[in-house]
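I opened this entry to look up two things: what surrounds the ligand, and how the chains meet.

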Amino acid sequence: MNLTIEKLAKEYTTKDGKVNAINNINLVINKSDFVTITGPSGSGKSTLLLSLFGLIKPSSGKIFFDDKRIDNISDSALAKIRKNHIGFIMQNFALIPYLTTVQNVMIPLSLLGVNKSEQIKRATEVLEFVGLKNRLNHLPRQLSIGQQQRVAIARALVHNPSVILADEPTGNLDPALSLEILDFLKKINTEKGITVIMVTHSPTAAEYGNKKIKLNNGELVN
Amino acid sequence: MNTFKIIWLELWKRKSQLISGILAITLGIAVIVAIQSISVVSKQNVAKKLDNLGANILVLPQGTSIDDYYTSDIDAPTLPMEYVERILTSSISGVDNMSPKLTRRVKVGETSIVLTGILPKSEIASKPLWQNAGLVGAELETACAPSNAENKSQGFEDEKLKRKVIDTLNRYDCLLGSQISKKLKLVENSKITINSQEFKAVKVLPETGTVDDDRVFAHITTVQELLNAPDQISTIEIMGCCNAISEGLLGKLRNILPDTRITTINQIVSTQIETNRLMDKVTLIFLIIIFFVGGISMGNYIWANVNERHKEIGVLRMMGASKGMIYKLFLFKAVFLGIVGGILGFVIGTIAGMLLGPYLAGMSVQPLYMYLLWSLLLSIVIALTGTVIPAYLASKIDPHTNLQEE
Ligand SMILES: Nc1ncnc2c1ncn2[C@@H]1O[C@H](COP(=O)(O)OP(=O)(O)OP(=O)(O)O)[C@@H](O)[C@H]1O
Ligand SMILES: [Mg+2]
């Protein structure tokens, strides 16, 4: 896995005029990197993260994933890359409320066309890995905050992605839980060689990165 | 986990909304199915009546409609039995046969049935089918061969009927129409109690497909006693010579029978055909209405559903669902709702038709399974039409906008 970003920019157009959310971002990310992105609120961290694999369409610049350009490819081709290679973890967990723990974790596999018994087997395995073996049939609202975030992590991991993108994964968690989740991300990063790109506010969390990026006003600061 | 499971679980989660989505479609289809299932039977009945009815003139009490003749309400007006005599002793020619009848709706246990008093020997075993029941006596001599020109003009070919009479019917014997025998679970020689009088069912008549199938027949004097209507009848069915009809038979009859309504079967049939045409028009109007109302209410429901699920759509897109998959998610949901709405509409409409048919058209209505297919097709098409645009807009939703929302 490698990810190369050249002169990436995103300009939002609103009623109040144009907003340069990110500007002239150049970045190289390699396999097994743990990248942390920090910066003040509104500095463009989320925009950068979500632009990488097409959830936000960049205004200009180039993105290469495994040496292939992906910033100008079709929506369905980008969806296919996300489906096969990327796991997302959001601050709000983004679980589907009417699906149980195990069903939520099965979705990425279902999108890949994995058969049902295999879906259940793999979802159960990864839930066991995050310590939720005995919460398989709970709905999200029946879980604690920390448990919900672990479901989200399980869902991001279940299809063996090569990259995990996390937008403030510990933003809603208390310090102890935060550390647990961060250790967990570090563990999959080192043990499985999965690249982690994590947006965070917390200096502690930022320390987990081997590559630490700071944004200010949409630009990289060194 | 697959697309269908997601749709199913989401639907299940929000059951009450589901009802509002398909209500208009279901009700619309129910009305159409009800109207059509009654109207189809009534159409068949017109055809059969032309084939099977021996009489071609009806004498009814003044102020009664043809509907009264079929539905036989309790307080429908009557004629004096003496009118039969009056016609016989008059100098009017061209009346080949007359059958006076007294018809009333009565109760057998909890079931409401139509009891018809007939006069053996004069009751026309008009219905060719009845003749197989072994009831028939001598063949009736006709003064002139009945012309079927009128019937042909309605599009029905009518074989030359052999007109025979029912010979005998004992005081407490009765004949059962084929449907009513099934409904009351009676066979030949069973006993049946009507207004606390026990009758013996001597015959179950073969199915004719007309109102006769839903009736119980007994001797007219017995029925008059039973209903406390001495010498009263509700109708005289006359077999008139066609030449005589064109030479003014109806007018002559009117002169000697005051306070009556005298009409030809031809007119009755035209009235029924009119009614059926009206039914078809009503159906068409309903079809157009449910297309719009059903489509719009479905579209409205899906649009609300899309808005409610912005975040969920974002999550699915984040995980790699394509736009097409989101589009499909809502279209499949529409198809599913269409199927449910169509089946429900068919079932409700059929039940309504079966319950109302005997009262509105005087005959029993059977489920028309062909209409299930049409209901499904119609309902799915309406649901899909209403959903195409909201589903398309759903697929266009930017994946990231709602991802970060709480
Ligand atoms: N959909 C949008 N339309 C217009 N402007 C937007 C949109 N999304 C973000 N922005 C603007 O782009 C800039 C960067 O936003 P972004 O969400 O990337 O910041 P962030 O660093 O993630 O902030 P936070 O730490 O608060 O999450 C902000 O000024 C924001 O107002
Ligand atoms: Mg952010």
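My notes on the ligand come before those on the chain contact.

I am working from a predicted model, in which local features need pLDDT of at least 70, side-chain atom pairs count only at pLDDT 80 or more, and totals for chains, interfaces and linings use all residues. Residues are numbered from 1 along each chain as its sequence is written, chains are lettered from A and ligands numbered from 1 in the order in which they are written, and side-chain values use heavy atoms, with hydrogens and water left out.

**Ligand 1**

I found ligand 1 between chains A and B. It is surrounded by 15 residues (a heavy atom within 4 Å). Among the closest are Ser41(A), Gly42(A) and Lys45(A).

I then looked up oxygen atoms of ligand 1. One is 2.7 Å from an N or O atom in the side chain of Lys45(A). For polar backbone atoms, I noted 3.0 Å at Gly44(A) and 3.3 Å at Ser43(A).

**Chains A and B**

I noted 27 residues from chain A and 27 residues from chain B in the contact (heavy atoms within 4.5 Å). The two chains bury about 2500 Å² between them, 63% of it on carbon and sulfur atoms; buried area is the accessible area (1.4 Å probe) lost on being put together, summed over both parts. Met1(B), Met318(B) and Met319(B) supply 32% of what chain B buries against chain A, more than any other three residues.

How many salt bridges are there between chain B and chain A? I counted 1 (a side-chain nitrogen of Lys or Arg within 4 Å of a carboxyl oxygen of Asp or Glu). Arg317(B) and Asp75(A) form this salt bridge, at 2.9 Å, N to O.

Notes. Polar contact = N/O pair within 3.5 Å; in protein donor to acceptor, adjacent residues only side chain to side chain.
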